[in-house]
Structure formats: C-alpha cells, structure tokens
Amino acid sequence: MSFIHSPQRRWLDLVVGIALLSLLGFGSRYIFLLNNDSRELSLDSALAMQGQRVSTDQGCVACHTVDGSIGVGPSWRGMWGRQETLSNGRTIVVNEAYFRNSLTDPQSQLVQGYANVMPRFFLKEDEIAALIAFAQTLSSPPPQ
Ligand code: HEC
C-alpha cells in the first residue's frame, strides 16, 4: 500500500495521464481534420474556398448539396444561370441579385417544389461575396 502513495508513483500517474490525454487530444483533432478534408472540395479560387467554409460554418450545407443531388433545398451544382420556376408560377434566372435576395428574404421567391423552411441570413459583405464565388464555381462553365 505504501507504494501506491509514494511520490514516485504519483509522478508516474501524472506522466502517464498527460501522455494519454495528449494522445486523445491529438487523435480526435486528427480524425476531425481527416473528416473535414474529405468533405471539402479543392477549388482553384481562394475566394470560392472561403465561400465553401462560410457555407459549412453557416450551415448552408445541411440543406444544399454541391453534387447535384436534391436536399432540403435545391443543389448548388449548376445553380448559376439556371432557370427556376417559383411557387407563384413565375420564372427567374439565378444571378447575383436573386442570390442575395434568397439570403435575406427567402420567402419572397420560393422555388417551386420546396418547403418554405430556409431561415433568413444576414451575413457580412465579404461572406456573401465568398458564397457567390463558391456557388459560381459549382456551375460549368463558371461565369466570369
Ligand atoms: C433549413 C434548410 C436551409 C438552410 C440552412 C439554407 N437553405 Fe437555402 N434554401 C432552402 C430551401 C428549402 C430552398 C428552396 C425554397 C426557397 O426558395 O426558399 C432554398 C433556396 C435557396 C436559394 C435559391 C436556390 C435556387 O436554386 O433558386 C439560395 C441561393 C439559397 N437557398 C442559399 C442559401 C445559403 C447561402 C445558405 C446559407 C447561408 C442557405 N441557403 C441555407 C433551405 C435552406
């Protein structure tokens, strides 16, 4: 019993404890980065890359896919310049003005066939510019 409480034993506990904690910390960070990387597209434009990050941080990715598959909302693949029919029967073409309006007032122009569930977003100008660059990159050919 005296060994358990000896000062050497306490040091050993401390060292082993720190070693295990750092393993756990670095390990989970590594796995987190690995997962995030595999989900991130690598794009030529730095601004588009930033837009991709904004889309992840703001949660756009939860509802909008980037591979063309349908999510809660329309996919961003090929979105730029695409013609959409709205719930009121009108048609629009996705451009910058429409994109901006979709962010701050999504209910005013609902895409036909989708639920009215998109929250309003009030983002900083540089975040919006980055999102636009990202969305444009997902259309081919990307607009200039
Ligand atoms: C809770 C789900 C949800 C989230 C989160 C969300 N959206 Fe949406 N979004 C939708 C739905 C549903 C629609 C289609 C209905 C409509 O027009 O509002 C839509 C439509 C859009 C449109 C019009 C698309 C088109 O093809 O006409 C744009 C642009 C858009 N969203 C951008 C964004 C951006 C940027 C973000 C993140 C800052 C975001 N959305 C977050 C659900 C979401």
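Contact, as the word is used on this tour, means heavy atoms within 4.5 Å. The structure is a predicted model, in which local features need pLDDT of at least 70 and side-chain atom pairs count only at pLDDT 80 or more, while totals for chains, interfaces and linings use all residues. Residues are numbered from 1 along each chain as its sequence is written, and side-chain values use heavy atoms, with hydrogens and water left out.

**Ile132 and helix α4**

Begin by selecting Ile132, which lies in helix α4; helices (H or I, at least four residues) and strands (E, at least two) are DSSP runs, numbered from the N terminus. Ile132 is buried at a relative accessible area of 5%, where buried means under 20% relative accessible area, exposed means over 50%, and partly exposed lies in between (1.4 Å probe, protein chains only). Show next the residues around Ile132: leaving aside neighbours within four places in sequence, Ile132 is in contact with Trp80, Glu96, Phe99 and Arg100. A distance drawn from Ile132 to Met79, C-alpha to C-alpha, spans 11 Å, the two being 53 residues apart in sequence.

**The nonpolar core**

Now select Trp76, Met79, Trp80, Phe99 and Leu131, the residues with the most contacts inside the largest nonpolar core, which has 24 residues. A nonpolar core is a set of buried Ala, Val, Leu, Ile, Met, Phe, Trp, Tyr and Cys residues joined through side-chain atoms within 4.5 Å. The elements giving two or more residues to this core are α2 (46-58), α3 and α4 (125-137), and α4 gives the most, with six residues.

Centre the view on Leu131, which touches Gly51, Val54, Ser55, Cys60, Trp76, Phe99 and Leu123 when residues up to four places away in sequence are not counted. From that list take Ser55, which lies in helix α2 and is buried, with a relative accessible area of 1%. Apart from neighbours within four places in sequence, Ser55 is in contact with Cys60, Val61, Trp76, Leu131 and Phe134.

**Helix α3**

Move to α3 and select Tyr98, Phe99, Ser102 and Leu103, the buried residues of this helix. Looking down the axis, one finds that they cover an arc of only 140 degrees (taken from the directions from the helix axis to the C-beta atoms), which puts them on the same side of α3.

**The largest pocket**

Switch to a surface display for the largest pocket, whose volume is about 530 Å³. The closest to its centre, of the 28 residues that line the pocket, are His64, Gly73, Pro74, Ser102 and Met118. On a 1 Å grid over the protein atoms alone, a pocket is an open set of points where a 1.4 Å probe fits, with protein on both sides within 12 Å along at least five of seven lines, and lining residues have an atom within 4 Å of a point. Grid points are joined across faces, edges and corners, and the volume is the space filled by probe spheres set on the points.

Helix α3 (residues 96-104) gives the most to this lining, with four residues. Coloured by class, the lining has 20 nonpolar, six polar and two charged residues.

**Two loop residues in contact**

Select Leu86, in the loop between β1 and β2, which counts as buried at 1% relative accessibility. Beyond its neighbours within four places in sequence, Leu86 is in contact with Ile92, Tyr98, Gln109, Leu110, Val111 and Gln112. Follow that list to Gln109, which lies in the loop between α3 and α4 and counts as buried at 18% relative accessibility. With neighbours within four places in sequence again left aside, Gln109 is in contact with Leu86, Arg90, Ile92, Tyr98 and Asn101.

**Partly exposed stops**

Gly81 lies in the loop between α2 and β1 (83-85) and counts as partly exposed at 47% relative accessibility. Residues up to four places away in sequence not counted, Gly81 touches Val93 and Val94; Gly81 and Val93 are twelve residues apart in sequence and 5.5 Å apart in space, C-alpha to C-alpha.

Finish at Leu14, found in helix α1 (residues 7-39), which counts as partly exposed at 46% relative accessibility. The C-alpha atoms of Leu14 and Asp67, 53 residues apart along the chain, are separated by 49 Å.

Key. Nonpolar A, V, L, I, M, F, W, Y, C, P; charged D, E, K, R; others polar.
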